[in-house]
Amino acid sequence: MPLSTRRLRDPDINPCLSESDASSRCMDENNYNRERCSSHFLKYKNCRRFWNSIMIQRRQNGVQPSMPTAAERDEILGAMGKMPY
């Protein structure tokens with residue numbers, strides 16, 4: 001598997017892996033009809049927007065790594081009580 005593909009499949013690097021998989025699965029199941037999968041795309045887009053804002057905040061505060069690990073993301077989401085996206 002190429003390095004770029006491995007990085008996209010790594011849950012520590014890609015915080016929206018489940019949303020990405022859900023949108024791909026939806027496209028496969030619906031003969032690539034984008035209209036039927038718009039809710040999955042929106043959820044993925046909101047996920048990326050949320051984690052990007054977290055990453056920007058961490059960079060501004062000097063926290064490394066700028067993208068939280070999978071365990072840290074679970075803690076953040078747990079503290080919020082619900083999915084923000």
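Contact is taken here to mean heavy atoms within 4.5 Å, and helices (H or I, at least four residues) and strands (E, at least two) are DSSP runs numbered from the N terminus. The model is predicted, so that local features need pLDDT of at least 70 and side-chain atom pairs count only at pLDDT 80 or more, whereas totals for chains, interfaces and linings use all residues. Residues are numbered from 1 along each chain as its sequence is written, and side-chain values use heavy atoms, with hydrogens and water left out.

The protein contains 4 helices and 0 strands, arranged along the sequence in the pattern α-α-α-α. Its C-alpha trace spans about 45 × 35 × 20 Å along the principal axes. Of the 85 residues, 26% are buried, a term that denotes under 20% relative accessible area, with exposed residues over 50% and partly exposed ones in between (1.4 Å probe, protein chains only).

Helix α2 (residues 17–29) has 13 residues and should therefore span 18 Å at 1.5 Å a residue, in agreement with the 18 Å between its end C-alpha atoms; the expected span is 1.5 Å times one less than the number of residues. Its buried residues are L17, E19, A22, S23, C26 and M27, and these pack against α1 (3–9) and α3. After α2 comes N31, with a positive phi near 50 degrees.

In helix α3 (residues 38–60), the buried residues are C47, F50, W51, I54, M55 and R58, and their cover includes α2 and α4. The axes of α3 and α4 (residues 70–80), which are lines fitted to C-alpha atoms over the stretch in contact, come within 13 Å and cross at roughly 105 degrees, with angles run from 0 to 180 degrees between N-to-C directions. The two helices are therefore roughly perpendicular to each other, the class for angles of 65 to 115 degrees. Their contact is made by F50, W51 and R58 of α3 together with E72, R73, I76, L77 and M80 of α4.

The largest nonpolar core has 9 residues, namely C16, C47, F50, W51, I54, M55, M67, L77 and Y85, where such a core is a set of buried Ala, Val, Leu, Ile, Met, Phe, Trp, Tyr and Cys residues joined through side-chain atoms within 4.5 Å. Helix α3 supplies the largest share of this core, 5 residues. Apart from neighbours within four places in sequence, W51 is in contact with P15, C16, M67, P68, R73, I76, L77 and Y85.

Key. Parallel < 35°, antiparallel > 145°, perpendicular 65-115°, else oblique.
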